[in-house]
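Welcome, and please open your viewer. We will go from stop to stop, and at each one you will hear what to select and what is there.

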Amino acid sequence: MLTEGLVVVHECLGAADQRLRRLVLKGPIAKTAKAGQFVAVLVQDSSIPSYDPLLRRPISLAEISPDRDEITLLYRIQGRGTEILARARCGEQLSLMGPLGQGFSLPEVGELWLVAGGIGVFPLYALAQSALDQGLNVRLFWGGENQSFLISAGLPAWQALEIPLNLSTLDGTLGERGLVTEQLQGRLSELFGHTKQENTSSPQIRVATCGPKKMMQAVTELCVNYAVPVQVSLEERMGCAVGACLGCVCTLIDKAGTLSHKKVCQDGPVFRGEEVVWDGLC
Amino acid sequence: MDCVDLTTVLAGITLRNPVVTCSGTYGFGEEYADYCPLEALGGITLKGITPLPRLGNSVPRLAETPAGLLNSVGLENPGLEDFLVSYLPKVRKMPTAVIANISGFSLEDYVQMARALQVDSGLAALEVNISCPNVKHGGMHFGTDPHSAEEVIAAVKAVTNLPTIAKLSPNVTDIVEMARAAQRGGADALSLINTLLGMRIDIEQQRPLLANTFGGLSGPAIRPVAVRMVWQVAEAVDLPIIGMGGITTWQDAVEFLLAGATAISIGTGNFVNPQAPLEIIQGIKGYCEKHGLTSVRNLVGLAHKG
Ligand SMILES: Cc1cc2nc3c(=O)[nH]c(=O)nc-3n(C[C@H](O)[C@H](O)[C@H](O)COP(=O)(O)OP(=O)(O)OC[C@H]3O[C@@H](n4cnc5c(N)ncnc54)[C@H](O)[C@@H]3O)c2cc1C
Ligand SMILES: Cc1cc2nc3c(=O)[nH]c(=O)nc-3n(C[C@H](O)[C@H](O)[C@H](O)COP(=O)(O)O)c2cc1C
Ligand code: FES
């Protein structure tokens, strides 16, 4: 749907040099949205139409509160579009399209492992909340640059969920030093040993991941190796955000080896990891 | 005055209003259904199809420029056969005029598709995208060579009973020459303009931004070029024109009508505001009322007179 979101909170998230923002919008999207979906926000300085930037910006839903009709977007100021978005003030209305795309699917029972790289953690927060609501066990693996980043990007909110956290930083200032995938690998081999096996032992584990492409690819390879189902949330440059322009395709491969293109905006952004062709060319 | 007649006639088809959507920006008609009811539109133009399925170019396929969008989708489409089976049946039921768009890499490609698309298919018209390389002629674009353009349009006209719209490329020295060629080929109407060839370079990576290096520029950035071309063609050729290129507001649309377009088409503007077509229809109506015009048809080409 095309709708407006009233800015009720718009604040700096964590340390200023991290350039992260938290934006809470009031409007009807919360009623129908699910974790993994996104909105396409029109970024314009005040109400004067300008065409630079021209296109809307896709931002994931980091929190969905249907009871308060609120959605939370967490974003990093990246370029001109998000720079302009950051100027939106409380009381302003932002034009939104959404909820867009297919979200994550939750297992009925068992354990959900979230694997996040950097700000890829943002959409996983909404997923953690709905998984906990449903009574699933949730664990977060999260890797970032350093302690300042993790704390700025929402670590306190994750701690408040009281779930097990496996943190890693590149410089070792918080959690383990190294990559998030090393932590995931460690935990998988602890549970299942070093050889590939059918994941039939209880509790059943499902993985959902979001972050840099290379990281999601490595997570997928690990999961496939341990026969753990994995969902990945992809990013691509978007034009229409509704499946009409074919600007945002990704390449999938099915069991028979047939390649096809899917639209990240409409068929995704969440896909089954084992179906994704990571180098993208075909 | 509350009764402005918005209907318009184009290549023998009556449109409920002069507002259409552009090929390649409106999918196969269903994608925007939640945002803009099809029954409100004058018509829609479907994504360009080719005889065989195409996967198109690699990503990134999109890059923004000030007020513009570069795309290098590369004509990704399901191919003629799947189009006939999976899409055409739905198109039949759509409550608006549906224009199919065909692209080819040889004369035979165009003929094969035109033959399969007739009045009884439920389509209102056939738009022939000639902004493609002719692989049999060393990649020379159909749309930049008047002789090839005339030949393609004539070949299409010979095998289909649908009204035929020639969609012209702006990447030419003389748009009027191309419009005349399409007219000689027997085109019933003209669509202009297609995208302008452009590129961007990522200065950090020091590489072209688009995987395909070049892309077609659309959006408000190209509007003045499009208005100029519509104006020139309207002066020289007696065929109805669908004007397009950077329309996002009703004021833009009125500019095209005044320049000589019988109808206008919205492409990239849908991405910015998926309700732009609805607002533009209302805006055109309001403009006619304000200027004492009883029919939108009276607006067409008005800027040329006097
Ligand atoms: C489905 C989806 C969900 C997203 N969710 C979030 C989120 O929750 N928080 C967040 O901070 N960011 C998110 N992003 C990335 C965000 O859309 C980009 O950071 C933003 O568009 C950058 O715009 P800009 O004008 O500031 O930057 P510029 O770099 O100037 O943008 C130039 C162009 O590239 C596009 N672009 C740039 N980076 C990306 C990217 N990573 N992915 C897709 N397009 C990009 C822009 O949309 C724009 O068209 C998401 C992207 C997608 C596709
Ligand atoms: C993503 C995209 C895909 C397009 N695909 C086609 C196509 O398949 N066939 C065609 O004739 N024109 C295609 N076009 C061109 C548009 O139909 C239109 O002529 C052009 O974009 C100018 O209008 P606009 O500025 O309103 O977008 C495409 C344009 C865009 C932006
Ligand atoms: S952005 Fe247009 S199809 Fe995905």
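Begin inside chain A: select domain 1 and domain 2 of chain A, where 14 residues of domain 1 are in contact with 13 residues of domain 2, contact meaning heavy atoms within 4.5 Å. Before going on, note that this is a predicted model, in which local features need pLDDT of at least 70, side-chain atom pairs count only at pLDDT 80 or more, and totals for chains, interfaces and linings use all residues. Residues are numbered from 1 along each chain as its sequence is written, chains are lettered from A and ligands numbered from 1 in the order in which they are written, and side-chain values use heavy atoms, with hydrogens and water left out.

**Stop one: the domains of chain A**

How many residue pairs are in polar contact between domain 1 and domain 2 of chain A? The count is 3, with both residues at pLDDT 80 or more. A polar contact is a pair of N or O atoms within 3.5 Å; within protein, one must be able to donate a hydrogen and the other to accept it, and residues adjacent in sequence count only if both atoms are side-chain atoms. Now select β5 (63-65) and β6 (70-76) of chain A, each of which supplies at least two residues of the side of domain 1 that touches domain 2. Strands are DSSP runs (E, at least two residues), numbered from the N terminus.

**Stop two: where chain A meets chain B**

Show both chains: 30 residues of chain A are in contact with 31 residues of chain B. Together the two chains bury about 2,600 Å², 64% of it on carbon and sulfur atoms. On the chain A side, pick A:Y51, A:L54 and A:L246, which lose the most area to chain B and together make up 23% of what that side buries.

Next, select A:R57 and B:E64, which form a salt bridge with their closest N and O atoms 2.8 Å apart. The rule asks for a side-chain nitrogen of Lys or Arg within 4 Å of a carboxyl oxygen of Asp or Glu. The count between chain A and chain B is 1 salt bridge.

**Stop three: a loop in chain A**

Zoom to A:D171, in the loop between β10 (165-169) and β11 (176-177) of chain A. Is A:D171 buried or partly exposed? A:D171 counts as partly exposed because its relative accessibility is 33%, and the class runs between buried (under 20%) and exposed (over 50%), using a 1.4 Å probe and protein chains only. Its side chain makes a polar contact with the side chain of A:T173 (2.6 Å). Leaving aside neighbours within four places in sequence, A:D171 is in contact with A:E145, A:N146 and A:R177. The C-alpha atoms of A:D171 and A:N146 are separated by 5.9 Å, although the two residues are 25 apart along the chain.

How values were computed:
Helix = DSSP H or I, 4+ residues; strand = E, 2+ residues; numbered from the N terminus. Buried area = accessible area lost by both parts, 1.4 Å probe.
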